[in-house]
Structure formats: structure tokens, C-alpha cells
Amino acid sequence: MKRLSIALSLVFLLSTRVLAHHSFAAEYDGKKPISISGIVTKIDWTNPHVYLTVDSGNESGKVTAMVVEGHPPNILRRTGWTRDILKVNDAVSITGWASKDGSNRMAGRQVTFPDGKKLFLGPPSE
Amino acid sequence: MKLIHATFLTLVSLTANGQSPATTEKGSTLPRSFDGKPDLSGIWQAFGVALFGETGELRPGQGTKSSWGPPVGPAPYRKELEGKVAELASDNRKDPNVRCKMAGVPRITGSVVPLEIIQTPKKVAILYESGHAFRSIPVDGKPHPSDLDPSYLGHSIGRWEGDTFVVDVVGFNNITWLPGAGHFHSEALHVVERYALQPDSTIYYEATMEDPEVFTKPWAYRLILRHPPRDERIMESDCTENNQDLEHIVPSTKP
């Protein structure tokens, strides 16, 4: 029991550190992966998170403005991003996970750029 | 003022560049500052993306071969306070970090973004990218002031015990959390940090936390601090700039 307790404590300590600002599971559902494709309409290069707003259409033609959360600029800068690597009106594909509160928000994991380049936007869900 | 600034920079430069291997108490070699103390200066990081290259992966503990580091065991809260810890842990909105409060000691040491140590014989400064915070730690043998107002990072005094830099910290407020979720503390918190430079240019960091108002015994937290694999610099980070999380976090139904 003590060993289990220590192991759980360890997991707790580590998992709460994966995201710089908040726990992943507090806001997003790691069991609901989603993929979107669309046009970037807004880029918030801000702390504590970068947000991309993407107009994403579904098969019936309905367009949804999806807000995609990513790492803060300090981490993205260290993983190959720059503030202007992506521009409004760029066509992108993004994988990630749905929000828990039912809003049109998602945790972004990987962005595919117009030229096919791929970069991680946010952390894994685990 | 310019002269003082230039002198300080020269001193810092000497400290950073004046590394000369010397024999430690145990016979191994450590990078040393010009005054003979182990040289702790530079950029350090316990976890996070800067340590693991441009993959975007945040894998806490990755690359750790040593047995140093957590586990530290469960936090030894008094029985009657365990329910409060669980309640706080169940709602991420209550985490002071999520509310953009400055992290305290030692939680700030385990941030995913780096810190920088600037070492001089009489003062050690730690600059944290997290919250753009800093600590100025005198190494002059004087005790803590008796009239401290509670603060997020407390009041620190440093001393050398052999090759280990030891920092005694008191004067905390009760707003910050300790490492882990829901780990609140009182203003009676007393932290003793130990920074032990290793021959492989890592720092074995240990923070022992005592808080008689919430703990039944002292609790230890351990990390290995490493230099990022390439040049890094401490960047600015203002958490309050665009914090949208509070209105979208969904509390857990099972604490």
C-alpha cells in the first residue's frame, strides 16, 4: 500500500508538471481525439497559451470557428515556431483533443502547415 | 550606476568563465568559481521542452538515470487536512498557478521553463522564467530579518556547507502551493534547499519542507537540474496576458 501510495504521489507530481499552466485533464478530454482542417482567422501569440482560431467546415458545409490551445510562446519558440511562421488565411490541419466544457475549443497537438511541414503545438494528452 | 552595473557584469563573467576543475571533498572534480566554490552559474532546468530538443515533447524525468529525484513519498498532511487537499486537487481552478499567481519555493524550481543562477561570493541570484520572478540570496552569515511580511518566494539566506549551497527560506505567504496538486501550506512554512553540483555538471536539488500547521513531519522534494543542451536564455512570461483557462476548466467529480 505504501509503495502504491508513493507511486501515485510520483505520478501526481509528474503529471501536474506536464503542462506549464494547468492540468490537461482539467480542460480537455484525452479520450476524444479530433482533427480539423480550415483557414486560420486569428493568432493570439500570448501567455499563458497561444491560441489559433480556425474556421473549420464539416461535410454539411457548416463552418465552426474552433479555438485551438497550444503551448506558451516561450515553449513554441524552443520547438521551432516563430511568431509569424503561421499567418491569417493560411490553410492548416490540426490534430488534438476536444474540450470538456462543450465549447468550440480544443487542445492542439500537431499542426500541418500549407507546405506540409508539421510542428507540435501542444503537449500529448497523457 | 553604470560603473556598478559593469562591475557586476564583469564579476558575473568571471564567475561564468572562470571554471577550473578542482578536487572535491570526495576526490572528484567540479567546475569551480574563482573563489573556489562549486560554480552553480548558468541556465538550469529540471523538466521541459528546452531539455529535450525540438520535438515539442514534454516528458518529465526523461533521460534520468540517477535514483535522485522524486519519489519523496506522499505529502505528510495532518489527517484532518487530507480532505481539504483532495478538494483542492479536484478543481484545477483553485491552483494558484492556474490563477497566474507566482509559484513559491520549491514548486518554482520544478517549472517546465528554465531558471538562471548568477553566483557571486556574497550574493546568489536566481532568475526564474516562470512568472518572471527572482530571488536575491545573501551569503553573508546574517540571520533572517525579524519583521518579514509574508511573500510568495519568502526570504532566503544562503551558506556553503562544504560543496553544497544551502538556502534557508522563511517568511512565506499562504497563497502558493507546494509541488503536487492541492498541496497548500501555512505561513509557518520553512524550506531548506540544497544545491549540490555533481561532476557531470548536474545539480542534485533537494528541498525539505517543514510546516507544523499542516504537516506531521518534514517532507522532501528532489530534482536533478541540468543545463539545456544548447544555449538558452531566460525569456519573459506574463501569465496574466491572456488567461482564458479559468472559465473553461471543468472540476473533477471525484476528488
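**View 1. S201(B) sits in a loop with a positive phi.** This serine is found between β9 (190-197) and β10 (203-210) of chain B. Its phi is about 60°, although S201(B) is not a glycine. With 15 other C-beta atoms within 10 Å, S201(B) is partly exposed.

**View 2. N89(A) is another non-glycine residue with a positive phi.** Here phi is near 85°.

**View 3. A cis peptide bond joins N47(A) and P48(A).** Omega is about 0° for this bond. The proline, P48(A), belongs to the loop between β1 (28-44) and β2 (51-57) of chain A.

**View 4. Chain B has a cis peptide bond from V105(B) to P106(B).** In this case omega is near 10°.

View 5. E82(B) lies in helix α2 of chain B. It is partly exposed, as 13 other C-beta atoms lie within 10 Å.

**View 6. Strands β5 and β6 of chain B form a hairpin.** The strands, residues 123-128 and 133-138, run antiparallel and are joined by six bridges. For one pairing to pick out, take V124(B), whose bridge partner in β6(B) is I137(B). Four residues separate the two strands, and in the turn G131(B) has a positive phi of about 70°.

**View 7. The largest nonpolar core has 46 residues.** Which of its residues touch the most other members? They are I203(B), M209(B) and L225(B). Two or more residues each come from α2, β4, β5, β8 (164-170), β9, β10 and β11 (219-225) of chain B. The largest share, five residues, is given by β11(B).

**View 8. I203(B) is shown with its contacts.** Setting aside neighbours within four places in sequence, I203(B) is in contact with L40(B), W44(B), Y195(B), A196(B), L197(B), Q198(B) and L225(B). Of these, L225(B) is also named among the core residues that touch the most other members.

**View 9. A second, separate core has 15 residues.** Its members include L52(A), V68(A), A107(A) and L121(A).

**View 10. Confidence in chain B and in the model as a whole.** Chain B averages a pLDDT of 84, and 79% of the residues score at least 70. Over residues 1-24 of chain B, however, the pLDDT is below 50, and this stretch has 27 contacts in the model beyond near neighbours in sequence. Where pLDDT is low, the predicted coordinates should not be read in detail. The model scores ipTM 0.81 and pTM 0.84.

Terms used: Residues numbered from 1 in each chain as written. Chains lettered and ligands numbered in written order. Predicted model: local features only at pLDDT ≥ 70, side-chain atom pairs only at ≥ 80, totals over all residues. pLDDT = per-residue confidence, 0-100. Contact = placed C-beta atoms within 7 Å. Buried ≥ 20, exposed ≤ 12 C-beta atoms within 10 Å, placed from the backbone. Pairing = 2+ DSSP bridges. Core = buried A, V, L, I, M, F, W, Y, C linked by C-beta atoms within 7 Å.
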